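Me: I would like to go through the labels attached to this model and ask what each one rests on. Please set the values against the cut-offs.

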Amino acid sequence: MIVVREYDSSRDLADVEAVERRCEVGPSGKLSLFTDLLGDPLCRIRHSPSFLMLVAEMGTEKKEIVGMIRGCIKTVTCGVKLDLNHKSQNDTVKPLYTKLAYVLGLRVSPSHRNMIVVREYDSSRDLADVEAVERRCEVGPSGKLSLFTDLLGDPLCRIRHSPSFLMLVAEMGTEKKEIVGMIRGCIKTVTCGVKLDLNHKSQNDTVKPLYTKLAYVLGLRVSPSHRRQGIGLKLVKMMEEWFRQNGAEYSYIATENDNEASVNLFTGKCGYSEFRKPSILVNPVYAHRVNVSRRVTVIKLDPVDAESLYRLRFSTTEFFPRDIDSVLNNELSLGTFVAVPRSSCYGSGSGSWPGSSKFLEYPPESWAVLSVWNCKDSFRLEVRGASRLKRVVAKTTRVVDKTLPFLKLPSIPSVFKPFGLHFMYGIGGEGPQAAKMVKSLCGHAHNLAKDGGCGVLATEVAGEEPLRQGIPHWKVLSCDEDLWCIKRLGEDYSDGAVGDWTTSPPGSSIFVDPREF
């Protein structure tokens, strides 16, 4: 980061003289005029009534002066005016004064003239440039299918619902400035482990969640023409500095397992280590409605009951957000749904929902829960690079499905033009038929997505999630191994009970926050 401050003769003289020398290298074979300031960088302004010299300093640990500027102020004549108080004809004209500033001695070290400045994103002036970088970065490989994202004019859409967030841009140039990269980050408090609660006498209540402040890095982009210049690394380092300043103890990123450039940057240069390998499961939204088993009753919970259920049963799940109430009450959250056997007292329709506490105290033999998040209103996706044949086949399946919906034929959604998606999160349940309950909830979520005009329905679960067998998905659309990498930012921990989270073994489940999908 560049810091501009006042020149300090007691510590800056040598660095300023070094910049002056680097700036005064004349063109080869031509006469050049050089200036020796005789050890006084202020010599050209110090005799003015008021003067100032500023220096530009780069770095955090080892600081370096890379530029400077001088200025002074004095009062001068800028014109004349009539003096009507004088009778003499010769004295009717008087000088008109103004305060004039003079800028001089601007120097920028040659190696930093095309320097990258990292600063906070400003929506009032950066939107067009940021969108241009996004487009340049999303040129897929020739002849292959590629997934493109339309952020609907809001580069902050994937972080703005988090408790704390920031977007940085990398800007190059001095006169004509150009944005060549960007990065997004957010911070929240999540479960990183469990600890014993010795205050409770009940054996079932001895385990409590252990929370930590976790940062998430996403949306790193560097313009293809400016790669391999350390810009990505600089953006990551600046974002991590903001994380530390805001008390984050860990930082993590999610990337494709086969994205070598991203994996090498974070694990090779930034100190991250491979941590978890969840699966992204994607299912198309058909033209027909999916039948939900008649043996299952789906109950929609209000946000208060949903929060209670999640806190009572799932708060010890890894990555569970402590502000789950903010997630459930967000305008993009479409609801939380519980599936129970129709034959149970909760599914017969004779009684009302007893509340989450009573439900968990007297649960049915099997049950499941999930929530739905509307990503369609935040961003759209589009598959590009498909051959004409693939497009025709996909369109044919949709036409048949719409014409003969009673056949319930699977159809390929219209993914070759911008489409939206719904994201299922907070998936959990108990009992021998829990996976079947999840399948019914996924069917209900599918019908919500169809009514909402979405193209696909997606979720992300741990690789060993026991309920994943109940989640319908197409393998060709899904990612069996996403890669999450993590880094410890601080030396101390909020609670020593968990130790170093980065070395902890994976659990069978994780909670994927929909705000960051």
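**Labels and their grounds**

Reply: Ile510 sits in the segment that comes after strand E19 (482-488). The model is a predicted one.

Me: Why is Ile510 called buried?

Reply: Its relative accessibility is 12%, and buried means under 20%, so Ile510 counts as buried.

Me: Which distance relates Ile510 to Val461?

Reply: The two residues are 49 apart along the chain, and 6.4 Å separates their C-alpha atoms. Both Ile510 and Val461 belong to the lining of the largest cavity.

Me: What makes a residue part of that lining?

Reply: A lining residue has an atom within 4 Å of a cavity point. For the largest cavity the residues include Phe423, Met424, Tyr425, Thr459, Glu460 and Phe511. Its volume is about 80 Å³.

Me: Which strand gives the most to this lining?

Reply: Strand E17, with five residues. Strands E17 (421-430) and E18 (456-461) each supply at least two residues.

Me: How does the lining of the largest cavity divide by class?

Reply: There are eight nonpolar, two polar and two charged residues. Glu460 and Glu465 are in the lining, and Glu counts as charged. Gly426 and Thr459 are also there; Gly is among those that count as polar.

Me: How many cavities are there at 30 Å³ or more?

Reply: The count comes to two. Among the residues lining the second largest cavity are Cys157, His161, Trp373, Ser378 and Arg515. By class, this lining has six nonpolar, two polar and two charged residues.

Me: Why is Thr35 called partly exposed?

Reply: Thr35 has a relative accessible area of 46%. Buried is under 20% and exposed is over 50%, so a value of 46% makes Thr35 partly exposed. Thr35 lies in the loop between helix H1 (9-23) and strand E2 (50-58). From Glu20 it is 15 residues away in sequence and 9.0 Å away in space, C-alpha to C-alpha.

Me: How do you know that the span of helix H3 is close to the expected one?

Reply: Helix H3 (residues 231-245) has 15 residues and reaches 21 Å from its first C-alpha to its last. The expected span is 1.5 Å times one less than the number of residues, and for H3 that comes to 21 Å.

Me: Which residues of H3 are buried?

Reply: The buried residues include Ile231, Leu235, Met238, Met239, Trp242 and Phe243. After H3 comes Gly247, with a positive phi near 80 degrees.

Me: What makes strand E7 count as mostly covered?

Reply: Seven of the nine residues of E7 (residues 164-172) are buried.

Me: How do you know that E7 pairs with strand E5 and with strand E8?

Reply: Pairing needs at least two bridges. E5 (residues 116-120) and E7 have five bridges, while E7 and E8 (residues 178-196) have nine. Therefore E7 pairs with E5 and with E8. The sense is antiparallel for E5 with E7 and antiparallel for E7 with E8. Arg119 stands opposite Val169 of E7, and the bridge partner of Leu166 is Gly185 in E8.

Me: What is the predictor's confidence in the protein chain?

Reply: The average pLDDT is 87, and 85% of the residues score at least 70.

Terms used. Residues are numbered from 1 along each chain as its sequence is written. This is a predicted model: local features need pLDDT of at least 70, side-chain atom pairs count only at pLDDT 80 or more; totals for chains, interfaces and linings use all residues. Side-chain values use heavy atoms; hydrogens and water are left out. pLDDT is the predictor's confidence in each residue, from 0 to 100. On a 1 Å grid over the protein atoms alone, a cavity is a set of points where a 1.4 Å probe fits but cannot get out, and a pocket is an open set with protein on both sides within 12 Å along at least five of seven lines; lining residues have an atom within 4 Å of a point. Grid points are joined across faces, edges and corners, and a volume is the space filled by probe spheres set on the points. Helices (H or I, at least four residues) and strands (E, at least two) are DSSP runs, numbered from the N terminus. Buried means under 20% relative accessible area, exposed over 50%, partly exposed in between (1.4 Å probe, protein chains only).
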